[in-house]
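Let's take a walk through a protein model together.

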Amino acid sequence: MDKQKNILVKKYLEQHSLVESNILSFDDFIKNKMQAIVNEINENINKEEVEITLGKIRIEKPNIIESDGSTSLVTPSIARLRNLTYSAPVFVELSVKYGGQSDSSEVEIGRIPMMVKSSVCNTYGMTREQLRENYMDPLDPGGYFMVNGNERIMVMNEDLAANQPFIEEG
């Protein structure tokens, strides 16, 4: 009976990672939800004398700006070793109209931490050998962030019934 109880869990874990849902959710946020947020903000901007319009959002690969001003791509292992945040710059198209004049350009609005092994991670798509060359464990499932050199994980949970105890067997 005990073997039959766990067969579904075992079959699921043979094909999927425990952090797969975190990575898929983050990828959806980066590819779709961020633009939806910008579009919603754009609709709520008062267009009076100065008309400001936000356009397409763009996220670069995770990088760092060195002390000499140069920019270089960074991997999670480098961020860990150098106590850096594994993050990428976020750009948005910004158009401003005032009177008869208008100007538009792409501006950096900030940086966003990147989830390790997500589709925007610099290690995405690397072979086992490439991961080893970049000092990454090929068996690392990812699904976490590097903030100031420390691994940070987002724990998802659902409060089914607030302040109600649940008692389970085993």
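**A guided walk through the model**

Arg132 is partly exposed, with a relative accessible area of 42%; here buried means under 20% relative accessible area, exposed means over 50%, and partly exposed lies in between, using a 1.4 Å probe and protein chains only. Before we go on, please note that this is a predicted model, in which local features need pLDDT of at least 70 and side-chain atom pairs count only at pLDDT 80 or more, while totals for chains, interfaces and linings use all residues. Residues are numbered from 1 along each chain as its sequence is written, and side-chain values use heavy atoms, with hydrogens and water left out.

Back to Arg132: which residue does its side chain meet in a salt bridge? The partner is Glu129, at 3.5 Å from N to O. A salt bridge here is a side-chain nitrogen of Lys or Arg within 4 Å of a carboxyl oxygen of Asp or Glu. Side chains of opposite charge can pair when their charged atoms come close. Arg132 and Glu129 are three residues apart in helix α4 (residues 128-133), so about one helical turn separates them. Helices (H or I, at least four residues) and strands (E, at least two) are DSSP runs, numbered from the N terminus. Glu129 is partly exposed too, at 45% relative accessibility.

Now let's find the sheet. Three strands make up an open sheet in the order β1-β4-β5, with antiparallel pairing; two strands pair if DSSP finds at least two bridges between them. At the edges are β1 (50-59) and β5 (101-113), each of which pairs on one side only. From one strand to the next, the twist averages 25 degrees. Helix α2 (residues 20-44) packs on this sheet and touches β1, β4 and β5, and its direction makes about 175 degrees with that of β1. Contact means heavy atoms within 4.5 Å, and axes are lines fitted to C-alpha atoms, for helices over the stretch in contact, with angles running from 0 to 180 degrees between N-to-C directions.

Let's look at the pairings strand by strand. β1 and β4 (residues 87-98) run antiparallel and are joined by eight bridges. Here Thr53 stands opposite Ser95 of β4, and Glu51 has Lys97 in β4 as its bridge partner. On to the next pairing: how many bridges do β4 and β5 share? They pair over 12 bridges, in the antiparallel sense. Ser95 stands opposite Ser104 in β5, and Phe91 stands opposite Glu108 in β5. The hairpin of β4 and β5 has two residues between the strands, and Gly99 takes a positive phi near 65 degrees there.

Stay in strand β4 to find Ser87. Is Ser87 buried or exposed? With 8% relative accessibility, Ser87 counts as buried. Not counting residues up to four places away in sequence, Ser87 touches Pro62, Asn63, Arg111, Ile112, Pro113 and Met114.

Next, return to the charged side chains: the structure holds six salt bridges. One of them joins Arg58 and Glu106, whose closest N and O atoms are 2.7 Å apart. This pair links distant parts of the chain, as Arg58 is in strand β1 and Glu106 is in strand β5, 48 residues apart. Arg58 is partly exposed at 32% relative accessible area, and Glu106 is partly exposed at 38%. Arg82 forms another salt bridge, with Glu66, with 2.9 Å between the closest N and O atoms. Arg82 lies in the loop between α3 (76-81) and β4, and Glu66 in the loop between β2 (63-65) and β3 (71-73), so the pair ties together parts that are 16 residues apart in sequence. Arg82 is partly exposed at 43% relative accessibility, as is Glu66 at 23%.

Finally, visit two other places. Leu13, found in helix α1 (residues 2-15), is partly exposed, with a relative accessible area of 38%. Asn148 sits in the loop between β6 (145-147) and β7 (150-152). Leaving aside neighbours within four places in sequence, Asn148 is in contact with Asn83, Leu84 and Thr85. How far apart in space are Asn148 and Ile45? They are 34 Å apart, C-alpha to C-alpha, and 103 residues apart in sequence.
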